[in-house]
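Please describe the ligand site of the structure shown below, and then its aromatic pairing and its backbone geometry.

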Amino acid sequence: MAESTIFQKIIDREIPAKIVYEDDRCLAFEDIHPQAPIHLIVIPKRAIASIDDLDEADEPLAGHLLFAMRKIAAELGIVDGYRVVTNCGRSAGQEVMHLHFHMLAGRRFGWPPG
Ligand code: AMP
């Protein structure tokens, strides 16, 4: 069996994380190297490596993750905008091979991203 990712270990409570939101299908926690005053990682609880590894049956889960992020933003009182990023594949900068969305807020963001 493949070695479990650091995010799987957070799901399994094998390593600690500052969890800010959890429901039956997803988990959100603070990024350990924040790139903004608020920097969360939002993940499905099921081990899916990236967007490329979603299949058609995962469509409700993909939508659930978006709605979870909207809910988290509202719960945290983020009213001045936030950025959602997912890196898909090594060339895009993906380091942890468990699908995740970065949720960033609390400062202005430039465009295009680096
Ligand atoms: P990516 O480069 O898109 O795969 O992003 C991985 C993110 O996970 C990076 O922003 C890391 O800072 C973050 N990260 C890695 N390990 C941990 C951890 N143990 N707890 C929280 N965030 C982590």
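The space that the ligand takes is the largest pocket, a pocket being, on a 1 Å grid over the protein atoms alone, an open set of points with protein on both sides within 12 Å along at least five of seven lines; a molecule sits in a pocket if more than half of its atoms lie within 2 Å of its grid points. The model is a predicted one, in which local features need pLDDT of at least 70 and side-chain atom pairs count only at pLDDT 80 or more, while totals for chains, interfaces and linings use all residues. Residues are numbered from 1 along each chain as its sequence is written, and side-chain values use heavy atoms, with hydrogens and water left out.

The ligand is surrounded by 15 residues, the closest being D31, N87, G93, E95 and H100, where a residue is near if one of its heavy atoms lies within 4 Å of the molecule. By class, this shell has six nonpolar, six polar (Gly is among the residues counted as polar) and three charged residues. Helix 1 (6–11) and strand 2 (26–30) each supply at least two residues of the shell, and helix 1 gives the most, with three residues; helices (H or I, at least four residues) and strands (E, at least two) are DSSP runs numbered from the N terminus.

| Residue | Atom of the residue | Distance to a ligand oxygen atom |
|---|---|---|
| G93 | polar backbone atom | 2.7 Å |
| V96 | backbone N or O atom | 2.9 Å |
| H102 | polar side-chain atom | 2.9 Å |

Taken alone, the ligand exposes 510 Å², of which the protein buries 85%, as computed by the Shrake-Rupley method with a 1.4 Å probe.

The structure holds one aromatic pair, rings being paired if their centres lie within 6.5 Å. The ring centres of F7 and F29 are 5.4 Å apart and their planes stand at 70°, so the pair is edge-to-face (over 60 degrees). F7 in helix 1 and F29 in strand 2 are 22 residues apart, and the pair thus links distant parts of the chain.

Most residues other than glycine have a negative phi, and most peptide bonds are trans. R13, which is not a glycine, has a positive phi of about 60° and lies in the loop between helix 1 and strand 1 (19–22). The peptide bond from W111 to P112 is cis, with omega near 5°, and P112 is found in the segment after strand 5 (101–105).

Definitions and conventions
A polar contact is a pair of N or O atoms within 3.5 Å; within protein, one must be able to donate a hydrogen and the other to accept it, and residues adjacent in sequence count only if both atoms are side-chain atoms. On a 1 Å grid over the protein atoms alone, a cavity is a set of points where a 1.4 Å probe fits but cannot get out, and a pocket is an open set with protein on both sides within 12 Å along at least five of seven lines; lining residues have an atom within 4 Å of a point. Rings of Phe, Tyr and Trp (its six-membered ring) pair if their centres lie within 6.5 Å; planes under 30 degrees apart count as stacked, over 60 as edge-to-face and the rest as tilted.
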